[in-house]
Amino acid sequence: MIKREIIDFFTKSFQNKYDIYSDSFKEKKGQVFFIVKDNKKKYLVVAGLPAKVKESDFNSDQEKMINNGENLLFQICPLERHNLEKLQKILPYLKASTTGMKPSFGTGDRLGIATPAHIQAFEGKNIFPVLAQQSVREMERTESNWQKVLDNAIWGCFEVGYEGKFGADADHVKDLKNLQKAIDCGFTFYTIDPSDHINDNVLKLDKDELRKKYQQLPEKDDIENRYLNKDYQIGNHKLTFTQDSLAEIVLTYGEAIKHVEKCYQHLKQNHKEDFELEVSIDETPKPTSPLAHLWIALELHHKGVDFQNIAPHYIGDWEKGIDYIGDVDIFREEFKVHCQIAAEMGGYKLSLHSGSDKFSIYPIFAEESGGYFHVKTAGTSWLEAVKAIVVCDPVLYREIHEFALQCFEKDSFSYLLSTDLEKIPDITKLKDKELINLFSDNNARQLIHITYGSILREKDSLNRYRFKDRIYKVLFENEDIHYENVTKHIRHHLELLNL
Ligand SMILES: [Zn+2]
């Protein structure tokens, strides 16, 4: 039976109760599958000959038999794990894969409903989409988990009929416990963040203290044999380690590299299929020098750690949700050296975290890296969702805004920010249609960007979510506006990165 007929049958027999996402329609092995929504939720519809549908064993909330010369069974199934597993068996492309050396871009989705919009943004672009991406910290703040993050992205792929490849990044994983959980859920890309093992206190030591500590390292001689009295030809210049520069780097990053090695060994032993590893050292107090980057790459190779990406802390300020702060030319010069190191060390991708809205940097990032890049964004899609709320439910937005002002100080502790709350206009003096202009103001953008966790978790005196359910409801009812905002904004990112 053809698609049109089935959709007509479905619509008639359920008396127009559901809207159909016709792009999701798939036919396989005598069954059809598609997504519908009523006024509250989305569902998977499974249809086919009764025996066949029963055999597939989906959990359904409701089913209906329709006679069209032969019996046709329709099941309305919740978008849950069991059903996704069954669907993945039938449509095996609904599964994350590795990115390879293609330029790639991560679209964190804090609300878990933006994947269809993200996929539209990638259309026609030669950039690999990493559609599931969340850090352990974000999961705590959104009360989510690895499985939900991944499943939401996969349901999003199915909704728009996407059969292409996509990645799944377990971001900023700091320990083996979280690493194992991500492995169990089917992630393909693991960002190991060894920052708990990076010794920032080294920066505070004077020369004598530094030398003394260094002399005590058991592996000192071994490390010196490997790194001293050698020239590393990087592009046009030579990099060399002095005993002092080596001491500072080894004391700062030595334990961190051992931690990455431990995580890598764990992945190798426990990950059944292909996986990729990113080493993120971006959350440090000071930028990663080219010499430190070189040492980290050499040391990882020495330990046999096969990594795909490194995320150094680049020079300049990389604040959330706004453009780069710093001298773009200085960034370019230093970034060039990082790219040359990556190329000389056998080739890996350089990764940019806090990549949301860094429009002045993208062309440089894409060009200098020769396309060997990965960019991560997350908060910017959340901001686009809030912009949809501003337009569709300004009353709700006003409440969120006032609440965010109260939380800002508490929530800003984990970020480097230059936000000046005094500069945000008093919203009681703004008309509804003027509220949207707040999102062109860096201070207001950061206010909403970093308070997402508090906004989503806040409960009232009856223990009900104060904003979360209303946010989801507004976005559900105004999905076209939400999707359009996200698609347009992410597409703008991708256009500047497309070589
Ligand atoms: Zn990061």
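**Helices, loops and domains: questions and answers**

Student: Is E143 buried or exposed?
Tutor: This is a predicted model. E143 has 12 other C-beta atoms within 10 Å. A residue with 12 or fewer such neighbours counts as exposed. Therefore E143 is exposed.

Student: Where is E143 found?
Tutor: Start with its backbone. Phi of E143 is near 55 degrees, a positive value in a residue other than glycine. As for its place, E143 is found in the loop between α5 (136–142) and α6 (146–159).

Student: What is the phi of K29?
Tutor: First, find the residue. K29 is in the loop between β1 (19–28) and β2 (31–37). K29 is not a glycine, yet its phi is positive, about 50 degrees.

Student: Is K29 buried or exposed?
Tutor: Count the neighbours. K29 has 8 other C-beta atoms within 10 Å. The cut-off for this class is 12 or fewer, so K29 is exposed.

Student: How many Å apart in space are Q180 and L294?
Tutor: Along the sequence, Q180 and L294 are 114 residues apart. In space, taken from C-alpha to C-alpha, the distance between Q180 and L294 is 29 Å.

Student: Why does Q265 count as partly exposed?
Tutor: Q265 sits in helix α10 (residues 243–270). Q265 is partly exposed because its count of other C-beta atoms within 10 Å is 14.

Student: What separates the C-alpha atoms of Q265 and V305?
Tutor: Along the chain, Q265 and V305 are 40 residues apart.

Student: How are α4 and α19 set to each other?
Tutor: Helix α4 (residues 115–122) packs with helix α19 (residues 479–497), their axes 8 Å apart. The angle is about 40 degrees. Roughly parallel would need an angle under 35 degrees. So α4 and α19 are oblique to each other.

Student: How many residues in the contact of α4 with α19 are charged?
Tutor: From α4 come P116, A117, H118, Q120, A121 and F122, which meet Y483, V486, T487, I490, R491 and L494 in α19. Of the residues in this contact, eight are nonpolar and three polar. The number charged is one.

Student: What is the handedness of the crossing where α11 passes α12?
Tutor: Helix α11 covers residues 290–302, and helix α12 covers residues 328–344. Their axes come within 10 Å and cross at roughly 15 degrees. That is under 35 degrees, so α11 and α12 are roughly parallel. The crossing is right-handed.

Student: Which residues of α12 make the contact with α11?
Tutor: On the α11 side are P290, H293, L294 and A297. The residues of the contact divide into five nonpolar, two polar and no charged. On the α12 side are V337, H338 and I341.

Student: How far apart do the C-alpha centres of domain 1 and domain 3 lie?
Tutor: The chain is divided into domain 1 (3–78), domain 2 (104–380) and domain 3 (392–486). Take the C-alpha centres of domain 1 and domain 3: they lie apart by 38 Å.

Definitions and conventions:
Residues are numbered from 1 along each chain as its sequence is written. This is a predicted model: local features need pLDDT of at least 70, side-chain atom pairs count only at pLDDT 80 or more; totals for chains, interfaces and linings use all residues. Helices (H or I, at least four residues) and strands (E, at least two) are DSSP runs, numbered from the N terminus. A residue is buried if 20 or more other C-beta atoms lie within 10 Å of its own, exposed if 12 or fewer, and partly exposed in between; C-beta atoms are placed from the backbone. Axes are lines fitted to C-alpha atoms, for helices over the stretch in contact, and angles run from 0 to 180 degrees between N-to-C directions. Angles under 35 degrees count as roughly parallel, over 145 as roughly antiparallel, 65 to 115 as roughly perpendicular and the rest as oblique. Two residues are in contact if their C-beta atoms, placed from the backbone, lie within 7 Å. Ala, Val, Leu, Ile, Met, Phe, Trp, Tyr, Cys and Pro count as nonpolar, Asp, Glu, Lys and Arg as charged, and the others, Gly among them, as polar. Domain bounds come from an automatic or database domain assignment. A crossing is left-handed if the near helix is turned anticlockwise from the far one by less than a right angle, and right-handed if clockwise.
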